[in-house]
Amino acid sequence: MSKIESYFHTDWAALTSQDWVGLLLTVAVFIAMAITFFYALRPKNAKTLEEQRMLPLRDDE
Amino acid sequence: MDTVVKPQYNDGVVKAFTLAAIIFLVLGTFMGTYAASELAWPFLNFDTAEITFGRLRVIHTNTVIYAFGGNVLMATAFYIVQRTNGRPLYSNTLAWIQFVAFQVGLLLAVISLALGMSEAKEYHELEWPLDIAVALVWILFTFNFTMTIAERDKEKVPHIYVANWFFFGLLIMVTYLWVLNGLAVPVSLFRSYSMFSGVQDAMIQWWWGHNAVGFFLTAGFLAIMYYFVPKQAQRPIYSYRLSVVHFWALMFGYVWLGAHHLQYTALPDWVGSLGAMISLAMIIPSWGGALNGMLTLSGAWDRLRTDYILRFLIMSLAFYAMSTFEGPVMSAKTVNALSHYTDWTVGHVHAGALGWVAMVSIGAVYHMTMKLWKTEMYSMSLINFHFWLATIGTVFYIVGMWVSGIMQGLMWRAYDEYGTLAYTFAESVAAMHPYYVMRATGGVLFTTGAAIMLYNMLMTIRMANARQTNLAHA
């Protein structure tokens, strides 16, 4: 039986420079995504964003 | 007196891409149906190497994905970017160069694949010279699309509509993925070997493979959905905020999924688990997007009774929701142990390809045809007929593959009381025959619908041209 802590065990010393670049990029992109979600779902920004819904309806007719 | 000057859009090239797309839809689905028929009745290959299943299948996938899908994406991207930014294309000449280069490339692709020239990478079979040519055409497309947005009047159009964001995601990610997966060492003009080997090669291949689905066949077609569903329904998208969340969740999530194609292989176990976990998490944004499209019709569902084009668009969203649920379930290891290497996977791919990609494209193309040629469709009844052929054809296909796939999985893993396999592989092949016939029937229905669409479009164009000529003479 594998223990949950052994499943998540990480040998930090074994990480290569590519591993670190990948790890940091992933975390950075994840934070950027969280910020975007926060911005999009914040009630204060609802009006500004929802106004854009109409854009395709007034483009060529 | 105020006068509003309407921008003159470059619609000639959009018309060309649109028509090419539907011609390739007919050819691609015909080749797929023929290849499916070869599995049911193997004599159909007539012992001719160029049309054996192994080669015809690859020609089919390349034709429907790149020739049909690619032309649809180029047509709709150029149609949408002009209208949502209120200006013509940055360069009409570049767009025409792209059109000609792309069609010539597609022709060379079919010839080279029929002759057996292949890198043997799923959805990336073209040999290195054509690989590079595709990348160059794609960069041309990206440049023209990006510059059209960059040069818009930012006072008049300060915001970039979400459909363009999805196209950006498609353009950037497909360039990156295509080039990286295509890295190879050429040994002659028509032969090369992948720069990667072993499990790394497999991982890179499926990192590309699933993102061909995620970015080429999903993000680009979601751009189509976010523009054409509101246009056809004449109602704004249900929630713009949800579309923003949908976009970023897809961009972040899809790149992780490739590993779920390699469960129970030499790939480290945790990588497959991670792929499956994020696949399951992706149900949330995918369903959010599907609901966003469907709820656009809130309060106007009755329009589905009379608007056959809207039916295609909304049915495509139902298939999108279904296949984005089915895929993650199949990626979970327990289910994958049964489903992998069986026809269930083929059925799943076609639920997405026929039900989602083709149907949303068909809806968009019907809409564009009327706008581009400034006329009504030649026959609305034929669109209704096409809708039912496409829907029933897709259902025949995927139900046949569900049954055959699950049967295959169960037969392959069945043991008798002595612990030996209960069935030989040949027995499992023989058991599939009725379902292969069912699949071929689904293909015939779908292809017939595509041919009817081409006829309807050609008659519409003829009608529009005749009217133009009459007006000129009047």
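Here are a few questions and answers about chain B of a predicted model. Local features need pLDDT of at least 70 and side-chain atom pairs count only at pLDDT 80 or more, while totals for chains, interfaces and linings use all residues. Residues are numbered from 1 along each chain as its sequence is written, with chains lettered from A and ligands numbered from 1 in the order in which they are written.

Q: How many helices are there in chain B?
A: Helices here are DSSP runs of H or I with at least four residues, and strands are runs of E with at least two, numbered from the N terminus. Chain B has two strands, and its helices number 16.

Q: What is the radius of gyration of chain B?
A: It's taken over C-alpha atoms, and the globule rule is 2.2 Å times the number of residues to the power 0.38. For 474 residues, a compact globule would come out near 23 Å, and chain B agrees because it has 23 Å.

Q: How many residues of H11(B) are buried?
A: Buried means 20 or more other C-beta atoms within 10 Å of a residue's own, with C-beta atoms placed from the backbone. H11 of chain B spans residues 308-331, 24 residues in total. The helix is mostly covered, and its buried count is 20.

Conventions: Expected span 1.5 Å × (residues − 1). Buried ≥ 20, exposed ≤ 12 C-beta atoms within 10 Å, placed from the backbone.
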